Amino acid sequence: MRLILTTEQQELAGAVRSFLAAAAPIARVRQVAEGEEPYDRKTWERLAGELGVTGLAVPEEYGGAGAGRAEVAVVLEELGTALTPVPYFASSVLAAEALLALDDEAAKREYLPGIAAGTTVATLSFAEGVTASADHTLDGRAERVLHGADADLLLVVASLDGKPAVFAVQGEAVQRTPLEVLDLTRPQAVVEFSATPARLVGPADATEALARTLDVAGAVLASEQLGGLRRCLDTIVEYTKLRVQFGRFVGSFQGVKHRLADLHCLLEQAESVARYAAWAADEAPEELPTAAALAQAYTGPAYFRVAKEHLLLHGGIGFTWEHDAHFYYKRAKSSELLLGPRRRHRGLLAERLGLG
Amino acid sequence: MADIEAYASQARAWLAETPIPENTGTEVSRQFMAVLYDAGYSGISWPAEYGGQGLSTAEERVFQQAARGKALPTGVFGIGLGMCGPTLLSLGTEEQKKRYIRPLLRGEEIWCQLFSEPGAGSDVASLQTRAVLDGDSWVLNGQKVWTTVAQHADYGLIIARTDVDVPKHKGITMFVVDMHAPGVTVRPLRDMTGIAHFNEVFFDDVRIPQDQVVGGVNNGWHAAITTLLHERLSIGMGSAAPDRPTSYRSIAARAQQRGLTEDPAVREKLVDLYVQERALELFNARLAQEVKAGINPGSRGSVTKLLLAELTLDSAETAAEIFGEGVVAHSEDDELARYAAALAWAPGMALGGGTNEIVRNAIGERVLGLPREPQVDRDVPFRELKVGTQKKEAGA
């Protein structure tokens, strides 16, 4: 079990961090969040082209870098820290991992190179509500599809003879309506199907491949959450060293200091859990189901708690639109719920621990 | 690297062929320490001139790893090896090091540490035990508390007030005190488990020769900090064993045997416990990997200490919630007795080696770098300070 970054991974983190600091500082994040653009296209193109991180975990034969989920997790940690509004999680994680897990050779050859190059933005719709007919046309409505309104390629989970199967549909072939989202850095949409022709990817029963996909996604999402959590804690610790009330730095009051100490404990554990889950995704498939459920049960709520305290400890200024605290607070909640509420992860954990 | 590998396999071979006594009584411990010493596994990284092996901390760590899960019966020497010895090595005089280190490593002399007092807990620097110079020796009067292994100890490291006219941190001196000297009284202190794990120690006109000062007169606060740093590290390292009765594994297995996991509320409690325990376990594993990679953990051992204290309390409560009324009222041989014992023991971890509040201060100030609280007593001469527990004022 490896819980600390290798030198190469630290270098990767450093490269992404300095790139994001220059290309997509928080002012740019705010501009995209408040603007019409669904995501930061320019930063996305440069992440794909200059940094080449959009196909990190895609094998080289499909145009990727052939690295691991631990490397993907490193990139996500930086994106989570900077709150970068790009479809990395939707395309490079959910869609790419689904294609790899479904293991449909033709589909991999057709779709993975574009995803790896960042020229195709793909997503995975895993909500219930879509059914597939025997002729592989889709009907129904998928709620809350991440980047659903702007993805070029949709991988859609649909019920085929009562079993979940995955179908590929081009984005422009469906009716898509962006949703009002709490977290403006992460767009979601309703996608509607009406006798829409689609291509079956992988087996007619994709239960196992989907479980694997969502486990890998949950395992690496923990690193994105870790990045945001750490940024929130760093920010509020620095603020309490500067802010003076009653003639004292507010960080010197035990009422504040002890809360920050508890949050630091969360950070230490969140980092450990996230690193473990990312390691398991690459190296220990038999541990992954438990590790992924643990990661989501732990880091999602931990991030939200730190983001919430970080907002509250700023005092009134933290409640203003101009302050950045609310972006983290909202991202923390949206990512905590992205793969289901905490009761889902805890239920999975109980099941996988063999309880009941 | 090859040398370390060779050392490791040698250590493993020695541990495999050496009989490890199961009895942990004082005599058995003394004899086992002598065996360890003769084999070259006592004081591995301590200087050779005082009786150590003169190797590096790498060898020390390798041996500890090899011995993990072996339960070596060295407990009674823990304070000496973990705190007193290292303090003497850093601050002791040449004569002190020559006199005390080798017998400690050979299991001939047992040590205890005497810092806390009834009136000086979290604020140890407000201690009231006095040492007054009289001719060529110091005369010690006062009371210490929470002293582990004092009933077996031959020597103790004690801090006492030697100047009341300067602020509290500046008038303290550390001494080596002979625990068999006239005027030393050790009384077992029965704690809330019903057992005496600790002692109270009383000093009545105990004479200490001048050459037993450690680290200089009125420099005792600095010396005490040196000792306490060693203490935090040794507490943090001893993390929870997976087969202890309140581990997730034990509670879950027993709950399943009794058919309790049918209840979703029980499963909920078990998941909580699993997540809390596993997150700490993974943090400890990561910290160990960082240390191995040469990253100094600094004060982050405090994080382990705080989390372990919370886990200890929470897991005992979880057991009580899951197994119910039988935990508080059971026949003598009932297996639920272990959870009553766990509940009674649990607060200890949140108090010993720094209360949770003090540990949170340490994390806030030493890990996060937050400003300290203003200290109203910092520059006040000790004799003018309020210390200990005050009487309620009339009319207040």
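The centres of domain 1 and domain 3 of chain B, taken over C-alpha atoms, are separated by 29 Å. The assignment, whose bounds come from an automatic or database domain assignment, gives chain B domain 1 (2-109), domain 2 (112-218) and domain 3 (238-367). This is a predicted model, in which local features need pLDDT of at least 70 and side-chain atom pairs count only at pLDDT 80 or more, while totals for chains, interfaces and linings use all residues. Residues are numbered from 1 along each chain as its sequence is written, and chains are lettered from A and ligands numbered from 1 in the order in which they are written.

Chain B holds 11 helices and eight strands, taken as DSSP runs numbered from the N terminus (helices H or I, at least four residues; strands E, at least two). Its C-alpha trace spans about 75 × 70 × 45 Å along the principal axes. Of the contacts in chain B between residues at least 6 apart in sequence, 68% join residues at least 24 apart, a contact being two residues whose C-beta atoms, placed from the backbone, lie within 7 Å.

Within domain 1 (2-109), consider helix H2 (residues 26-39) of chain B, which has 14 residues. Its buried residues are Ser29(B), Phe32(B), Met33(B), Leu36(B) and Tyr37(B). They lie on the same side of H2(B) because they cover an arc of only 145° around the axis, the arc being that of the directions from the helix axis to the C-beta atoms. These buried residues pack against helix H5 (94-105) of chain B, whereas Glu27(B) and Asp38(B), on the other side of H2(B), are exposed. Just after H2(B), Gly40(B) takes a positive phi of about 85°.

Turning to the partner chain, the contact takes 32 residues from chain B and 32 residues from chain A. On the side of chain B that touches chain A, the elements giving two or more residues are helix H8 (264-292), helix H9 (301-323) and helix H11 (356-367) of chain B, and H8(B) gives the most, with 14 residues.

How values were computed:
Expected span 1.5 Å × (residues − 1). Buried ≥ 20, exposed ≤ 12 C-beta atoms within 10 Å, placed from the backbone.
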